[in-house]
Amino acid sequence: MAPVSQTKEMPAAVRALPALSVRKVRKLYNELEAIKNVSLEVAQNEFVSLLGPSGCGKSTLLTMIAGLLKQTEGEISINGTPVTGPRPEIGMVFQQPVLLPWRTILDNVLFPVELLKLPRDKYVPRAMELLAMAKIDDFAGSLPRQLSGGMRQRASICRALVHDPAILLMDEPFSALDALTRDEMGVELLRIWQANRKTVVFVTHSIREAAFLSDRVVVMGRRPATIVEEMTIDLPRPRQISLTEDENFNRYVRALRKAIEASHGH
Amino acid sequence: MGTKGRRFAADIAGPAAISIGMIVLWEVIVRALHIRSIILPPPSEIIMAMVDRRDLLLTHLWPSLYLTVLGFALSVVGGVAVAILITYSAALRKGFYPIIIVSQVIPKISIAPLFIVWFGTGTMSSLLLAFLIAFFPMTINSALGFQSIDEDIARMARTFMASDWQVFWKIRMPNALPYIFSGMKISITLAIIGVIVSEFVASQEGIGYLIKLAGGLLDTPLMMAAITVLSIAGLILYGLIAHFERRVVYWQSSSDISGSGGG
Ligand SMILES: Nc1ncnc2c1ncn2[C@@H]1O[C@H](COP(=O)(O)OP(=O)(O)OP(=O)(O)O)[C@@H](O)[C@H]1O
Ligand SMILES: [Mg+2]
């Protein structure tokens with residue numbers, strides 16, 4: 001399958017920069033310290049998962065990267081530019097699909113294109129290609145309520161990618177799905193990502209999901225969040241679901257689980 | 001095809017059969033018990049009155065219908081406009097809500113005589129009363145529609161850099177449409193009540209006036225014919241709104257039913 005978009009030609013100076021850099025970020029919600037001190041660098045086209053207990057501040061961190069929330073201290077920058085608000089280089093996938101019920105799937109996917117005032121006509125073929133890749137192109141003209149939960153979430157991934165953002169932020173995108181659909185979606189996501197290389201920051205509760213998808217897994221500790229462990233997942237790509245049977249894969253899963261248990265202190 | 005036939009049976013044939021049955025029963029009881037037609041005319045007599053006096057009925061129907069539709073239209077435009085204003089201005093919202101709440105408590109038709117004092121015994125009073133009582137449900141429903149934006153949708157739009165203008169046209173407006181239509185369905189009924197009551201109180205024309213006149217003449221068949229004509233007109237207006245609603249709010253659950261029928 002032809003890739004939907006070639007990675008844009010970047011000047012060497014930008015290519016050398018981390019796609020995302022989070023430096024000594026702290027976040028207070030009034031009195032409550034949600035994030036104590038997080039520093040994180042994500043390389044261009046790297047797939048990084050954030051793993052951590054509920055309420056540790058993963059969504060908070062992602063929201064700050066998306067420019068919807070201001071950190072209390074520290075700096076976040078994308079391709080070397082500090083984040084001061086939402087920007088077009090960001091694509092976001094939420095826990096729920098959040099599709100507009102009155103728009104067809106195609107029009108939902110084109111929503112960011114419309115909001116960014118990009119030429120719609122030029123993006124329709126791209127949107128259709130993404131839908132085909134997500135195997136829901138037959139539903140381009142359907143309304144969201146005619147799709148299953150998994151199909152809707154795939155549409156929302158297409159929406160996040162349609163304007164060709166440099167960074168894809170995903171906040172537990174598969175947690176509302178059943179286990180079988182969830183595994184399948186992981187494989188689908190990797191397939192789309194393979195053809196459409198992006199920097200991805202993926203938040204999850206699932207150790208296996210993190211290990212399966214990522215180049216690197218970042219483990220966050222209990223609130224107030226710090227990073228307690230980083231692990232590079234050195235497994236070949238493209239990855240198939242059979243990888244989860246692999247002993248190397250399971251070694252990573254065990255190591256991650258141990259790291260999490262050590263930090264959370266059960 | 002089969003499901004369609006069954007749906008026809010459930011939606012139309014069933015209720016129609018029950019209505020016809022009740023009308024027949026009414027006819028039979030009135031005749032069997034020799035109830036005088038001043039008290040309760042049989043349906044056949046009402047229908048005859050409708051046919052015989054159709055010119056009179058229509059003469060009085062048109063002004064009522066005209067004022068109802070006009071008052072209703074004004075209430076829709078005004079209600080949606082005020083709803084948008086109070087959605088975007090906290091100060092207006094604070095100013096308007098007490099008025100809206102008080103207006104919910106006051107039986108608005110009780111001020112009909114006051115309107116007559118202010119605006120005279122003419123179309124102006126009827127129009128204003130229709131507008132006034134249709135206006136508040138329109139405003140409340142629309143405001144709810146503009147304001148009840150799903151938080152996730154709002155966040156999604158902000159992530160993709162939607163401007164306030166885009167949020168209004170692409171999210172708030174479509175979100176409000178189902179609410180606006182439920183407001184319209186309430187308001188059309190209230191606009192009819194407003195016009196009829198105001199015609200009861202003081203008017204020389206209109207279906208309300210005719211009902212009162214027939215009552216005074218003890219012409220019960222004419223009175224019931226007028227009520228029937230009014231009910232039919234009301235049903236048609238309501239049906240038109242429901243029809244537009246299905247087309248405009250095509251993503252809503254009413255079509256869910258037809259969607260599942262196809263499976
Ligand atoms: N808007 C807010 N105002 C005040 N406190 C907040 C707000 N949002 C989050 N918090 C608090 O900050 C902490 C971190 O929340 P966050 O949503 O980032 O956690 P999370 O890691 O995404 O959790 P989960 O895995 O359950 O989604 C929580 O204790 C939460 O109560
Ligand atoms: Mg979260």
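Author: Helices (H or I, at least four residues) and strands (E, at least two residues) are DSSP runs, numbered from the N terminus. You're looking at a predicted model: local features need pLDDT of at least 70, side-chain atom pairs count only at pLDDT 80 or more, and totals for chains, interfaces and linings use all residues. Residues are numbered from 1 along each chain as its sequence is written, chains are lettered from A and ligands numbered from 1 in the order in which they are written, and side-chain values use heavy atoms, with hydrogens and water left out.

Reader: Is Asn30(A) buried or exposed?

Author: The general idea is relative accessible area: buried is under 20%, exposed is over 50%, and partly exposed is in between (1.4 Å probe, protein chains only). Asn30(A) counts as exposed because its value is 73%. Lys117(A) is exposed too, at 67%.

Reader: What about Gln153(A), buried or exposed?

Author: Gln153(A) is buried, because its relative accessibility comes to 2%. This residue lies in helix H6 (residues 149–161) of chain A. Leaving aside neighbours within four places in sequence, Gln153(A) touches several residues, among them Val93(A), Phe94(A), Phe174(A) and Met185(A).

Reader: Which backbone oxygen does the side chain of Gln153(A) reach at 2.6 Å?

Author: That of Pro173(A). The Gln153(A) side chain also reaches the backbone oxygen of Gln95(A), at 3.1 Å. These are polar contacts: pairs of N or O atoms within 3.5 Å, where, within protein, one must be able to donate a hydrogen and the other to accept it, and residues adjacent in sequence count only if both atoms are side-chain atoms.

Reader: How many residues surround ligand 1?

Author: A residue is near a molecule if one of its heavy atoms lies within 4 Å of it. For ligand 1 there are 14 such residues, and the closest are Ser54(A), Gly55(A), Lys58(A), Ser59(A) and Thr60(A). Strand E2 (32–42) and helix H2 (58–65) of chain A each give at least two residues to the shell, and H2(A) provides the largest share, with three.

Reader: Which residue has a polar side-chain atom 2.5 Å from an oxygen atom of ligand 1?

Author: Thr60(A) does. Ser59(A) places a polar side-chain atom 2.7 Å from a ligand oxygen, and a polar backbone atom of Gly57(A) is 3.0 Å from an oxygen atom of ligand 1. As for cover, accessible areas come from the Shrake-Rupley method with a 1.4 Å probe; for residues, only the protein chains shown count as cover. Ligand 1 has 630 Å² of accessible area on its own, and the protein covers 62% of that.

Reader: Let's hop to chain B. How many helices and strands does the secondary structure of chain B have?

Author: Chain B has 11 helices and zero strands. Its C-alpha atoms fill a box of roughly 75 × 60 × 30 Å along the principal axes. Of its 263 residues, 40% are buried. Among contacts in chain B between residues at least 6 apart in sequence, 75% join residues at least 24 apart.

Reader: And where does Thr189(B) lie?

Author: In helix H8 (residues 164–201) of chain B. Thr189(B) is partly exposed because its relative accessible area is 39%. A polar atom of the Thr189(B) side chain lies 3.0 Å from the backbone oxygen of Lys185(B). Thr189(B) and Ala130(B) are 59 residues apart in sequence, yet 9.6 Å apart in space, C-alpha to C-alpha.

How values were computed: Contact means heavy atoms within 4.5 Å.
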